[in-house]
Amino acid sequence: MPTERYNLETLFTPPPGEHGTHALLCGLSADVPVLQRALAAFTCETPVERQASGLVRSLLLLDASSRRIPPTAVPGLLHLAPCVAAAWQKRTTLLHAKVALLGFGASRYAETTRWRLIVSTGNWTEATWSRQAQIDFFWKTEWAADDADGDQALVDVAAAFDFFQRLLSGLYGDHLDKLETQPLAIDWLDAWRIRLSKAVKRIIKPPVAQFVHSLSTPLATQIRERFPTDGINTLVAGSGFFEQAVTGSSSQPEVLHELEKLGRPGTRYLVFNTSQAGQLANWIGKRKLKDGHLGKWHLCKPCDPLQKGKAPGRSLLHAKYVAGLGPVRSGSSKVGFLYIGSGNLSRRGYMNAARLGRRGSRAPSGALGNVEAGAVLIDGGKVNEVWKRLACGAFATNADIAAAITDDGEPLFTPADPPPLLLARYLHEDAAGPSRLLLERSAVAAQPLWIQVADGDWIAAAADASSVPWPSPVAPTVLRVRSTSADGTQQEWEVPVFSADGLFCRRPMPQVPFGSVLKALLAFPAPPPLETDYDDEDIDDGGGAKSRGALKASPYPLRSLAAMIEAIADRNEAVTREEFPYWLGQLRVLLLEQTADADRQGMMELGVDLFDALLEPGFTPAWLAGEPALQAQYSAVVDQLRAGWCATSGG
């Protein structure tokens, strides 16, 4: 329950001395400005820096009805496409959970050693995090590998990661499979799984996870099993939406009957929005109520937990919660039970479950439900101003009751199919031959595509085409794609492109002086340079304006080559196994793209090859001999550097 206003940046910013590595986010919907803020705080990098690095820093899982986030709208974030709508509808009615699992390490490329779990009642939208027009709650916990007494936090983080794994395989498996060829994009998921699994196994008596979800068991069942049998005098429940209204029915909502099974409280309070009452409005009907009392409930209006002084507070409740209180004295009470999460007090959100159980598990009985997530906290201690903290305001008056609107209750959403093309991979195997784009299609029926090339023209890709020629030696950042389905529906969208080196939606980097290249090599894992200020390279165009001229070559090419080899060897000794794949990518960028053409040409003219030294002991990481896959990648990079810096034999 909130006591102060937390902003998005506070929740996503790394602890002092640490860096954001990777993140998992899910929700019903998300807005680009909010995602930008979250990634900026998490990575401590600008959008330009993130796009220049070409790394996937976060995977975003949204409901299949949500609009696609363009691949470069939030650099470093990959919005995964859902499975086909027919499969989605068999597994869930809605992805409604709002969860973030953030990883932190010693550097942006380092092994993740700390995880922060955030469970929100609001989506990653401006309504929750910018305008703050509605009342939402969140809960967070954090576990680091060196925490001596963090068993509860570890179990919660591991449970949340398992939740994401089941989402990924059950609802986004097709897109995830297409990323198997891109280790920089998803290999960190395996590293997280291994690290968290080993840590949990070391706990002798692991506590019950506070993180809960509805992938295979309804929230109602889990809350009923954990709710205290005694010690609870008052039950308070709140929800932004309720179950859909049934025409002609004045029956009490089913969820309220379920909540009445919790413990033996003497008093029950229900906080609701009169403008979004659903079947609750039908139940109230035209009754005249005293102190908001109806059946076993007192009906209450929302109040803003963060309102101070005479300033008007928020009045729209979006939070979802169930709280069990002890005796309330002078506005204070012990909170013996608290659930907060995404599940509205509706059939689909609270009473039913999705069908995303583990392999071999029995599918839940009953109607299909939403994917929801939350936290169940037992014995939360004494809380002052408990009514305000729970957003439980004054009793609903007869005027409020008269204004209650049945509306449709909890909104219903229709899942959409994924786009026909999920991503493209740039391939340029032969310097003398043409480039190609490998097309990774989704599971929807294959159809012809039109792809826009750099000059604005469109090229055709037949329905059975697995690749198309690309008339440029440079990988595109994104592809603009058009298609026309069998029923004549046209769509146009952007597709992310992975470079031959596995970099994601990356823009070409500027060339910089050789001194800047050396500094960047030694500064790894800091980002590579994006621009330089060097007045001696500016050329007067005759009208007084300055333009950037061609970079001059280093005056001592042999000394520069030796310094470069030494800088690479120096970093090789310092990088960890986890950082090494990213280090290889940065070598390619710095030495094959950002080094000035004049520098490479000058060193080619020397006719000297010092790159064999990088394969000798003392120049390679001491641990590399035990990692044959990484050793092969390293050898391939050395060969690429040699080809880019040394004259070919007989040339």
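1. Start with Pro525. This residue lies in the loop between α15 (514-523) and β24 (538-540). The peptide bond from Phe524 to Pro525 is cis, with omega near 15°. Helices (H or I, at least four residues) and strands (E, at least two) are DSSP runs, numbered from the N terminus.

2. A word on the source. This is a predicted model, where local features need pLDDT of at least 70, side-chain atom pairs count only at pLDDT 80 or more, and totals for chains, interfaces and linings use all residues. Residues are numbered from 1 along each chain as its sequence is written, and side-chain values use heavy atoms, with hydrogens and water left out.

3. Look at Cys505. Its place is in the loop between β23 (490-498) and α15. Phi is positive here, about 45°, although Cys505 is not a glycine. Cys505 is buried, at 2% relative accessible area. Buried means under 20% relative accessible area, exposed over 50%, partly exposed in between (1.4 Å probe, protein chains only).

4. Now Cys44. Its phi is near 55°, a positive value in a residue other than glycine. Cys44 sits in the loop between α2 (32-43) and α3 (47-53). Cys44 counts as exposed, with 56% relative accessibility.

5. Last, the charged surface. Asp146, Asp147, Asp149 and Asp151 form a negative surface patch. Patch residues have over 30% relative accessible area and no salt bridge, and like charges are joined within 9 Å. A salt bridge is a side-chain nitrogen of Lys or Arg within 4 Å of a carboxyl oxygen of Asp or Glu. Asp149 belongs to the loop between β6 (138-144) and α6 (151-171). Asp149 is exposed, at 73% relative accessible area.

Notes. Patch = residues over 30% accessible without salt bridge, like charges linked within 9 Å, V, L, I, M, F, W, Y side chains within 5 Å. Areas by Shrake-Rupley, 256 points an atom, 1.4 Å probe, with all protein chains shown as cover. Lys, Arg positive; Asp, Glu negative; His and termini not counted. Charge placed at Lys NZ, Arg CZ, Asp CG, Glu CD.
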